[in-house]
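Colleague: Before I plan around this model, could you take me through how its descriptions were reached, setting each value against the rule behind it?

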Amino acid sequence: MFCNSSKGGVAMGQWAGYLQLILEGAVVTIKLTLMGSALALVMAFLAGIGRLSRFAPVRWLATAYIEFFRGTSIFVQLFWAYFVLPLFGFTLTPLQAGVLALGLNVGAYAAEVVRGAIKSIGKEQYEACTALNFNRWQGLRHVILPQAFVLMLPTFGNNAIELLKASAVVSLISLSDMTFQAQVVRAQTGSTLFPFLTILILYFAIACVISFAIRGLERHLTRGLDGIRS
């Protein structure tokens with residue numbers, strides 16, 4: 001009885017160690033999601049507003065970025081960032097390459113959200129900017145974007161969740177995210193159920209946190225602004 005109990009204790013200790021390994025991968029995944037989302041947000045506003053610019057070269061550049069990153073595979077973009085850029089003297093760590101590829105890819109999709117939200121603001125808001133003697137940038141900053149941002153939030157939340165799920169591709173460049181660690185656990189134990197059920201639950205939990213945070217921010221920003229929605 002003592003021997004069996006001892007063996008069971010060792011086994012339980014091993015599984016606890018494997019769980020710790022996966023949780024360490026979850027920290028990497030969260031870092032990727034946060035930093036990638038930050039880069040995607042910056043690129044979304046730059047490219048989305050760029051699509052509405054009065055200057056043709058700016059519109060062309062923004063359109064080229066959006067179409068290129070929406071029209072090519074995230075796998076190829078990641079491999080370019082990690083394996084090809086060093087050939088031109090730009091060496092990135094796996095984490096930096098993952099953030100760059102994910103941020104640029106999701107930012108291209110989010111840019112169309114920015115453009116669409118800005119264009120959805122009613123003509124009377126632009127007339128109000130003129131009445132207040134705002135120039136184009138002042139009107140965009142003080143009147144249009146605060147209203148458009150509220151409209152962007154739900155889709156931004158979806159984009160962040162898509163980025164979270166797409167972050168699994170970084171395991172291909174040996175970055176120790178959740179998916180990479182799950183594969184390590186499977187290779188060491190021969191079990192598929194434990195590691196992949198664990199990361200399934202973790203991905204879902206992180207996505208729920210993102211959704212909850214976006215809904216909370218949306219409620220906060222829409223106080224007193226219900227009239228902007230139709």
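**Pockets and helix packing**

Modeller: The residues that line the largest pocket fall into 18 nonpolar, three polar and no charged. Please keep in mind that this is a predicted model.

Colleague: What makes a residue part of that lining, and which residues lie nearest the centre of the largest pocket?

Modeller: A lining residue has an atom within 4 Å of a point of the pocket. The largest pocket has 21 such residues, and Ser37, Phe156, Ala160, Ile210 and Ile214 lie nearest its centre. The volume of this pocket is about 500 Å³.

Colleague: Which helices supply at least two residues each to the lining of the largest pocket?

Modeller: They are helix H1 (2-50), helix H4 (94-120), H6 and helix H8 (193-221), and H1 gives the largest share, with seven residues.

Colleague: How does the lining of the second largest pocket divide by class?

Modeller: That lining has ten nonpolar, four polar and two charged residues. Arg54, Tyr126, Arg136, Trp137 and Leu140 are nearest the centre of the second largest pocket, which is lined by 16 residues and holds about 320 Å³ of space. H6 provides the largest share of the lining, five residues.

Colleague: Turning to the packing, why is H6 called roughly antiparallel to H8?

Modeller: H6 and H8 pack at an angle of about 170°, with their axes 10 Å apart. Angles over 145 degrees count as roughly antiparallel, and therefore H6 is described as roughly antiparallel to H8. On the H6 side the contact is made by Phe149, Val150, Leu153, Pro154, Gly157, Ala160, Ile161 and Leu164, and on the H8 side by Tyr203, Ile206, Ala207, Ile210, Ser211, Ile214, Leu217, Glu218 and Leu221. By class, these residues of the contact of H6 with H8 are 14 nonpolar, two polar and one charged.

Colleague: What makes H5 roughly antiparallel to H6?

Modeller: The axes of helix H5 (residues 123-131) and helix H6 (residues 136-166) cross at roughly 155° and come within 10 Å. The cut-off for roughly antiparallel is over 145 degrees, so H5 is roughly antiparallel to H6. The crossing in which H5 passes H6 is right-handed. Gln125, Tyr126 and Cys129 in H5 meet Gly139, Val143, Ile144 and Gln147 in H6, and this contact of H5 with H6 has four nonpolar, three polar and no charged residues.

How values were computed
Residues are numbered from 1 along each chain as its sequence is written. This is a predicted model: local features need pLDDT of at least 70, side-chain atom pairs count only at pLDDT 80 or more; totals for chains, interfaces and linings use all residues. Side-chain values use heavy atoms; hydrogens and water are left out. Axes are lines fitted to C-alpha atoms, for helices over the stretch in contact, and angles run from 0 to 180 degrees between N-to-C directions. Helices (H or I, at least four residues) and strands (E, at least two) are DSSP runs, numbered from the N terminus. Angles under 35 degrees count as roughly parallel, over 145 as roughly antiparallel, 65 to 115 as roughly perpendicular and the rest as oblique. A crossing is left-handed if the near helix is turned anticlockwise from the far one by less than a right angle, and right-handed if clockwise. Contact means heavy atoms within 4.5 Å. Ala, Val, Leu, Ile, Met, Phe, Trp, Tyr, Cys and Pro count as nonpolar, Asp, Glu, Lys and Arg as charged, and the others, Gly among them, as polar. On a 1 Å grid over the protein atoms alone, a cavity is a set of points where a 1.4 Å probe fits but cannot get out, and a pocket is an open set with protein on both sides within 12 Å along at least five of seven lines; lining residues have an atom within 4 Å of a point. Grid points are joined across faces, edges and corners, and a volume is the space filled by probe spheres set on the points.
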